[in-house]
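Here are my notes for your first look at this model. Keep the structure open and find each place as you read.

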Amino acid sequence: MENFIRAVPKAELHLHIEGSLEPELTFDLARKHGVTLKYPNVAALRAAYDFSDLQSFLDLYYAGADVLRDEDDFHALTTAYLRRAHDDGVVHAEIFFDPQTHTARGIPFATVFGGIHRALVEGEREFGISWRLIPNFLRHLSADEAMRALEELLPYKRHFAAVGLDSSERGHPPSKFAAVFERARKEGLRTVAHAGEEGPPEYIVEALDLLKVSRIDHGVRCEEDPALVERLVREQVPLTVCPLSNVKLCVYKRIEDHNLKRLLDRGVKVTVNSDDPSYFGGYVLDNYLAVQRGLNLSRADMAQLARNSIEASFLDDASKGRWLAKIDAIAA
Ligand code: ADE
Ligand code: ZN
């Protein structure tokens, strides 16, 4: 089964590049920039990855990003992710980054974008991984700050498939960012948003109705609203689900409790992704394997998840058709 899942072409659609920062690279970059870390070594830092909820993770995640200072750092971070994703059979990656996390520390947007973009272009050549880039706004900051972040990224908009929304969900509903997302859509950008991870199903409805999102990131709490589940099936709205993340952040106690299989059987277009793999103990293949074992998924289920990942991507139709044919050939 592991070989089958690895061999099936997969798209990863929910990956925060800052969340792929492995402790080894954190220490390398801290040394390079003369930064003193709160932890004495790699093992101690990794041992701190024990979270009680989304906020307890975000506190560490934002602190960790502080070692990313120059273009080469963002390049190294992105290249390490692509190498790892390639090993897992990822053929297409749609990558989130958080511009405000860096610009607030005085790192120019051009530095962040330049390093990530250079690695993606090189990675496509070396690993054959196609890509899309999606800047996210931090929802714990104000809508005015998000609007300023949008203005700053607009000169680069041809490089972005969409804009997204992440960070602390509870108390920061999608409606707070309606004007920012409207502006982004007027500029020709698609939209996605984290919703229904910790927040209520109403946030998923708001993301659909007010932010006009093409996909929901997480979305697992949709199940609490049967009419919403019906709508997600009817409109075939993709959910970018992150199973190991949900367990690490205590959305579910155990992988066996996850609702991915129920949603899949119900006809929701669910996909499997790694979110912040360095912090949550697994890259995309680990996530596929965790749900396969924990929820007793069949080969047909796994092939459907791979198919969903391609269909839910922002690839053009011809590329989607080529990958879907390959999945069908392998799954036959
Ligand atoms: N930023 C990085 N990972 C996130 C997650 N799982 N939810 C919200 N914001 C995030
Ligand atoms: Zn996320």
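How many nonpolar, polar and charged residues does the lining of the largest cavity have, by class?

1. Start with that question. The lining of the largest cavity has seven nonpolar, four polar and four charged residues. Keep in mind that this is a predicted model.

2. Now place the cavity. A search of the whole structure finds one cavity of 30 Å³ or more. The space in the largest cavity is about 90 Å³. Its lining is made of 15 residues. Look for His16, Leu54, Phe57, Leu58 and Asp276, which lie nearest the centre of this cavity. Helix H4 spans residues 54-64. With five residues, H4 gives the most to the lining of the largest cavity.

3. The largest pocket has a volume of about 270 Å³. It is lined by 15 residues, and Leu37, Lys38, Tyr39, Ala63 and Gly64 are the closest to its centre. Which helix gives the most to the lining of this largest pocket? Helix H4 does, with four residues. By class, the lining of the largest pocket divides into nine nonpolar, three polar and three charged residues.

4. Move on to the second largest pocket. About 160 Å³ of space lies there. Its lining has 14 residues, with Glu197, Arg221, Glu224, Val251 and Tyr252 closest to the centre. How does this lining divide by class? There are five nonpolar, two polar and seven charged residues in the lining of the second largest pocket.

5. Turn to helix packing. Two packed helices are described by the angle between their axes and the distance between the axes. Take helix H2 (residues 23-33) and helix H5 (residues 71-87). They pack at an angle of about 170°, and their axes are 12 Å apart. Angles over 145 degrees count as roughly antiparallel, and H2 and H5 are therefore roughly antiparallel to each other. Their crossing is right-handed. From H2, the contact uses Leu25, Leu29, Lys32 and His33. From H5, it uses Asp72, Asp73, Ala76 and Leu77. The residues of this contact divide into four nonpolar, one polar and three charged.

6. Finish with a second pair. Helix H10 covers residues 201-209, and helix H11 covers residues 226-235. Their axes come within 10 Å and cross at roughly 35°. Is the crossing of H10 and H11 left-handed or right-handed? The crossing is left-handed. H10 brings Pro201, Ile204, Val205, Leu208 and Asp209 to the contact. H11 brings Leu228, Arg231 and Leu232. By class, the contact of H10 with H11 has six nonpolar, no polar and two charged residues.

Key. Residues are numbered from 1 along each chain as its sequence is written. Chains are lettered from A and ligands numbered from 1 in the order in which they are written. This is a predicted model: local features need pLDDT of at least 70, side-chain atom pairs count only at pLDDT 80 or more; totals for chains, interfaces and linings use all residues. Side-chain values use heavy atoms; hydrogens and water are left out. On a 1 Å grid over the protein atoms alone, a cavity is a set of points where a 1.4 Å probe fits but cannot get out, and a pocket is an open set with protein on both sides within 12 Å along at least five of seven lines; lining residues have an atom within 4 Å of a point. Grid points are joined across faces, edges and corners, and a volume is the space filled by probe spheres set on the points. Helices (H or I, at least four residues) and strands (E, at least two) are DSSP runs, numbered from the N terminus. Ala, Val, Leu, Ile, Met, Phe, Trp, Tyr, Cys and Pro count as nonpolar, Asp, Glu, Lys and Arg as charged, and the others, Gly among them, as polar. Axes are lines fitted to C-alpha atoms, for helices over the stretch in contact, and angles run from 0 to 180 degrees between N-to-C directions. Angles under 35 degrees count as roughly parallel, over 145 as roughly antiparallel, 65 to 115 as roughly perpendicular and the rest as oblique. A crossing is left-handed if the near helix is turned anticlockwise from the far one by less than a right angle, and right-handed if clockwise. Contact means heavy atoms within 4.5 Å.
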